[in-house]
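Dear colleague,

I am handing over the structure below, and I would be glad if you could look at it before reading the notes that follow it.

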Amino acid sequence: MDNGNAKNNGTDQVAPPLRLLIVGQKRTGKSSVGKTILGKDAFNTWGGADSAVAHGESEGRQLMVVDGKLELFNALSLCEPGPHILLLVVPLLHFSHSEKAALQKRMEILTEGVWRHTMVGFTLGDRLHDCSKQDHIQTAGKDLQWLMEKCRYRYHVLNKTPQDRQQVSGLLDRAEDMLMENGGWHFFLHMYCRLEEEWSRREREMKERILERHDGAGKNSRGLALIPNHSQKGGLHVNDTLLKLVYHG
């Protein structure tokens with residue numbers, strides 16, 4: 001366990017930084033979000049570069065922020081042993097069915113367990129005008145509702161004002177709450193892959209046992225089929241059901 005939320009307990013030991021991996025579709029503002037969180041120009045916003053990593057202090061917290069621009073596994077390797085939080089950047093005003101399908105395909109390679117560590121960072125929150133953030137999210141359609149259910153409604157809305165440090169403090173508070181909910185554990189892809197393999201193995205074994213019980217339910221140990229006897233002219237009573245015996249040997 002690597003608890004990036006650990007506090008100084010009176011010793012000189014420094015708490016490890018909170019590791020954030022920023023992910024999302026192209027041109028969603030991932031680099032700008034990273035800059036807003038760190039309060040400085042940490043990443044190249046013009047695209048084309050590989051994932052970049054930056055360290056810094058923000059709102060009293062030590063942070064390690066990885067801007068996952070291209071290859072997802074490369075981005076994961078930059079925040080070893082794994083990110084505490086995957087911050088999924090999504091423009092708030094529109095989340096289409098095609099964007100949902102692309103996101104679903106991309107996240108599947110990280111296993112279902114990745115959603116335990118994922119928080120949505122909605123951008124363009126200042127463009128809602130008179131509509132509240134909660135009302136917009138609740139009425140935005142089934143694709144956005146799917147996303148909310150996947151991330152367990154863990155989200156934070158950001159505006160385009162980097163000087164608004166309250167929005168950053170709120171995001172980091174939510175990230176630390178998530179870390180506590182996960183017992184201080186970071187996302188570890190190999191661990192979740194092994195867990196999914198184990199779950200699949202147990203599911204196969206359970207299905208096999210059910211099939212075996214189903215196949216053997218109509219036969220006794222000597223190959224006798226137990227068939228309901230509706231003639232009422234003798235037979236064997238089992239659990240108040242009148243049966244007749246037919247030998248298949």
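In this predicted model, the buried residues of helix α3 are Lys-100, Leu-103 and Met-107. Seen down the axis of α3, these buried residues fall within an arc of 70°, so they line one face of the helix. An α-helix has 3.6 residues a turn, so residues three or four places apart point the same way. On the other side of α3, by contrast, Ser-98, Lys-105 and Glu-108 are exposed. Among the elements that cover the buried residues of α3 are β4 (85–91), β5 and α5. As for its length, α3 has 12 residues and reaches 16 Å from its first C-alpha to its last, which is close to the 16 Å expected at 1.5 Å a residue.

The aromatic rings come next, and the count is two aromatic pairs. In one of them, the rings of Trp-115 and Trp-146 have centres 5.9 Å apart and planes at 80°, so this pair is edge-to-face. Because Trp-115 lies in the loop between α3 (97–108) and β5 (118–123), while Trp-146 lies in helix α5 (residues 142–150), the pair ties together parts that are 31 residues apart in sequence. Both Trp-115 and Trp-146 are buried.

The rings of Phe-122 and Tyr-155 have their centres 5.8 Å apart and their planes at 65°, so this pair is edge-to-face. Phe-122 lies in strand β5 and Tyr-155 in strand β6 (residues 155–157), so here the parts tied together are 33 residues apart in sequence. Phe-122 is buried, with a relative accessible area of 0%.

Notes: Residues are numbered from 1 along each chain as its sequence is written. This is a predicted model: local features need pLDDT of at least 70, side-chain atom pairs count only at pLDDT 80 or more; totals for chains, interfaces and linings use all residues. Side-chain values use heavy atoms; hydrogens and water are left out. Rings of Phe, Tyr and Trp (its six-membered ring) pair if their centres lie within 6.5 Å; planes under 30 degrees apart count as stacked, over 60 as edge-to-face and the rest as tilted. Helices (H or I, at least four residues) and strands (E, at least two) are DSSP runs, numbered from the N terminus. Buried means under 20% relative accessible area, exposed over 50%, partly exposed in between (1.4 Å probe, protein chains only). The expected span of a helix is 1.5 Å times one less than its number of residues. The arc is that of the directions from the helix axis to the C-beta atoms. Contact means heavy atoms within 4.5 Å.
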